[in-house]
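Take the chain piece by piece.

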Amino acid sequence: MLTNDQSKYDFATLAVRAGQQRTGEGEHAEPIFPTSSFVFESATEAAACFAGEIAGNIYSRFTNPTVRTFEQRLAALEGGERCVATSSGMAAILATCMALLKAGDHIVSSENIFGTTRVLFNKYLARFGVETTFVPLIQLEAWENALRPNTRLLFLETPSNPLNEIADIVQLSSLAQAHGCLLVVDNCFCTPALQRPFELGADLVIHSATKYLDGQGRCVGGAVVGDGQRVGEEIFGFLRTAGPTMSPFNAWVFLKGLETLQLRMEALSRQAQALAEWLEAEPKVSRVYYAGLPSHPQHTLASKQQSGFGGLVAFELKGGKAAAWKLIDSLKFISITANLGDVKTTITHPATTTHGRLTEEERLAAGISDGLVRISVGLESLEDIKKDLQRGLDRMAQG
Ligand SMILES: Cc1ncc(COP(=O)(O)O)c(C=O)c1O
């Protein structure tokens with residue numbers, strides 16, 4: 001359903017319908033195919049399928065109908081030709097690098113990326129002869145200066161986590177194109193409901209489906225979206241060989257998540273905006289990082305590039321780490337967890353969790369101070385969220 005004629009439909013329709021193929025049972029919801037392998041009518045059919053002469057399911061490491069439905073739906077929402085689903089967001093990044101890079105290649109990456117992605121580049125890819133230069137996300141000149149003849153990928157997250165810095169995707173895609181390399185955008189925080197990187201010139205889009213695509217904190221998964229050659233052949237080929245595959249059960253959960261993605265992202269953006277404005281007026285908070293605030297340095301760019309500002313709000317407390325921990329430990333219902341993108345509000349202290357593996361120098365260069373707190377706003381009553389935080393802020397005053 002809606003596989004060949006997706007361009008005729010709006011985002012909301014694709015989110016609910018794209019990719020579904022009904023079986024002969026007439027089921028309304030998408031079925032889950034929990035099967036490791038598939039059977040053939042004959043030896044001839046099996047041989048033709050293995051040889052790629054006919055399309056068909058072979059083995060769920062690389063072909064599963066539920067996973068395929070998720071891939072087709074996400075590709076439709078991002079406006080990409082093909083999508084490959086992976087076992088996690090990190091597996092999506094690893095598969096992209098393993099499929100498209102070789103020893104001697106070079107990556108230019110934003111330094112404001114998920115800490116584990118940084119470790120993947122710095123520690124593991126480096127062992128296989130792929131070097132990475134890290135640059136500040138928003139300094140175009142630094143990206144330009146870091147380019148080498150062997151640079152193959154520009155890698156970034158925008159908005160960045162946790163500081164909500166915004167990269168100009170159009171400018172970076174021009175730079176990548178001029179240099180003959182690929183622009184890879186991790187679209188985890190906006191999702192295609194708020195930002196469509198392909199329309200701005202990106203070559204590949206990465207997801208940690210674990211976050212907003214699921215939206216209810218249930219499963220770990222990831223995806224890469226892009227053109228038929230790179231994603232459909234090369235990255236798919238790596239997945240087939242190396243096996244960091246999404247399970248059909250997880251694909252089904254993510255499919256259900258996609259169905260409510262737009263509604264959730266709009267609602268979370270409204271909640272986050274109101275919370276950011278409230279925090280900005282709080283005397284114990286020295287700075288709020290949310291691109292929906294006119295005080296945010298890239299507010300104008302974010303307003304142009306995104307259709308909403310998302311659900312992540314970061315803020316700095318005047319009392320440093322002690323104040324941040326006091327606030328967090330005073331909360332009654334906001335969950336202390338580093339995960340984000342859930343309908344439940346979560347809070348974390350980046351310096352000692354998500355960015356704890358960076359050296360102090362790297363962490364401070366990335367703007368992660370000791371007093372920084374990140375909230376992933378959920379769908380609870382905004383008044384209740386504020387009351388929970390207010391309690392913590394009041395306790396801070398008591399020392
Ligand atoms: C922006 C971003 N990309 C990738 C990942 C990795 O995703 P996963 O945890 O699904 O492997 C994360 C995880 O937090 C993330 O925040």
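In which strand is His106 found? His106 belongs to strand 2, residues 106-110. This is a predicted model: local features need pLDDT of at least 70, side-chain atom pairs count only at pLDDT 80 or more, and totals for chains, interfaces and linings use all residues. Residues are numbered from 1 along each chain as its sequence is written. Helices (H or I, at least four residues) and strands (E, at least two) are DSSP runs, numbered from the N terminus.

His106 counts as partly exposed because it has 18 C-beta neighbours inside 10 Å. On this scale a residue is buried with 20 or more other C-beta atoms within 10 Å of its own, exposed with 12 or fewer, and partly exposed in between; C-beta atoms are placed from the backbone. Neighbours within four places in sequence aside, His106 is in contact with Glu131, Arg148, Asn150, Thr151 and Arg152. Contact means that the C-beta atoms of two residues, placed from the backbone, lie within 7 Å. Glu131 is 25 residues away along the chain, yet its C-alpha atom is 4.9 Å from that of His106.

Now the helix pairs. Two packed helices are described by the angle between their axes and the distance between the axes. Axes here are lines fitted to C-alpha atoms, for helices over the stretch in contact, and angles run from 0 to 180 degrees between N-to-C directions. Helix 4 (residues 89-100) packs on helix 5 at about 35°, with the axes 10 Å apart. Met90, Ile93, Leu94 and Cys97 of helix 4 meet Thr116, Thr117, Leu120 and Leu125 of helix 5.

Helix 3 (residues 65-78) and helix 10 also pack at about 35°, with axes 8 Å apart. The residues in contact include Phe70 and Leu74 of helix 3 and Trp252 and Leu255 of helix 10.

Of the 13 residues around the ligand, Ser88, Gly89, Met90, Ser208 and Thr210 come nearest. A residue is near a molecule if its C-beta atom, placed from the backbone, lies within 6 Å of it.

Last, the domains. The assignment gives domain 1 (11-259) and domain 2 (261-398); such bounds come from an automatic or database domain assignment. Their C-alpha centres lie 27 Å apart. Across the boundary, 32 residues of domain 1 are in contact with 34 residues of domain 2. On the domain 1 side, helix 1 (11-17), helix 5 (115-127), helix 8 (191-194) and helix 10 (248-259) each give two or more residues.
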